[in-house]
Structures are given as structure tokens and as C-alpha cells.
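Subject: Structure for your review

Dear colleague,

Please find below the structure I am handing over to you. My findings follow it.

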Amino acid sequence: MLSLRFGRIIIVTLHARQRMQERCISDALLLELIETGEERYKDERRLWIAKSIPGRTDNLICAAVALENALIVKTVMHHFTWEP
């Protein structure tokens, strides 16, 4: 996959793949989340991207990612809430 938003190839870790499967999050949904979700940075290279998906009852969906040479998806969460 490629993120046009971040200009990087997307690498999904095994851990993130397992969580995607458990939470019924497809590659297409992950890409939509990455391209259109709200982002919050922890620092210059680590961030969360979250989005409410119509029709899902487990919102927010969130990906924890690292910006390196690629955009690395470390995990994918649901029932996510933003910290104040």
C-alpha cells in the first residue's frame, strides 16, 4: 500500500495485521483511515490516526504509526478515545 497523504509506502507489522483481523479492519479500511483520519502527533515521528467509521459500533478506529522511510503501522485499535 502507498499513502499519498504521507508520501510513503505503508508497512503493517504482524501485530497490527493480527489486530486488524480480530477487529474486522480490511486493508481498504486501514488505507481510508490513514488517508482521511484525524492525526495527533506524540513527537515528530510517532502519531495516532483515528476516524469514526459510519456503520461501525466500535468507533473510533485508530492506527498507531511511525513515520520513517515508510509509514509503519504498529497496531490498530478500536473503541479508541483521545487523551485530553
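Is E39 exposed, partly exposed or buried? In this predicted model, E39 is partly exposed, its relative accessible area being 29%.

**Salt bridges**

Eight salt bridges are present in the structure. In one of them, E39 pairs with R5, with 2.5 Å between the closest N and O atoms. Because E39 belongs to strand β3 (residues 38–41) while R5 sits in the loop between β1 (2–3) and β2 (8–12), this pair ties together parts that are 34 residues apart in sequence. R5 is partly exposed, with a relative accessibility of 31%.

A salt bridge also links the side chains of E68 and R45, at an N to O distance of 2.8 Å. E68 is found in the loop between β5 (61–67) and β6 (71–77), and R45 in the loop between β3 and β4 (46–51), so here the parts tied together are 23 residues apart in sequence. The relative accessible area of R45 is 34%, which makes this residue partly exposed. E68 is likewise assigned as partly exposed, at 37% relative accessibility.

**Backbone geometry**

- N59 and L60 are joined by a cis peptide bond, with omega at about 0°. L60 is located in the loop between β4 and β5.
- C24, although not a glycine, has a positive phi of about 55°. This residue lies in the loop between α1 and α2 (27–36), and C24 is exposed at 64% relative accessibility.
- H79 is another residue other than glycine with a positive phi, the value being near 55°. H79 lies in the segment after β6 and is exposed, its relative accessible area being 53%.

With kind regards

Key: Residues numbered from 1 in each chain as written. Predicted model: local features only at pLDDT ≥ 70, side-chain atom pairs only at ≥ 80, totals over all residues. Heavy atoms only, no water. Salt bridge = Lys/Arg side-chain N within 4 Å of Asp/Glu carboxyl O. Helix = DSSP H or I, 4+ residues; strand = E, 2+ residues; numbered from the N terminus. Buried < 20%, exposed > 50% of the residue type's maximum accessible area, 1.4 Å probe, protein only.
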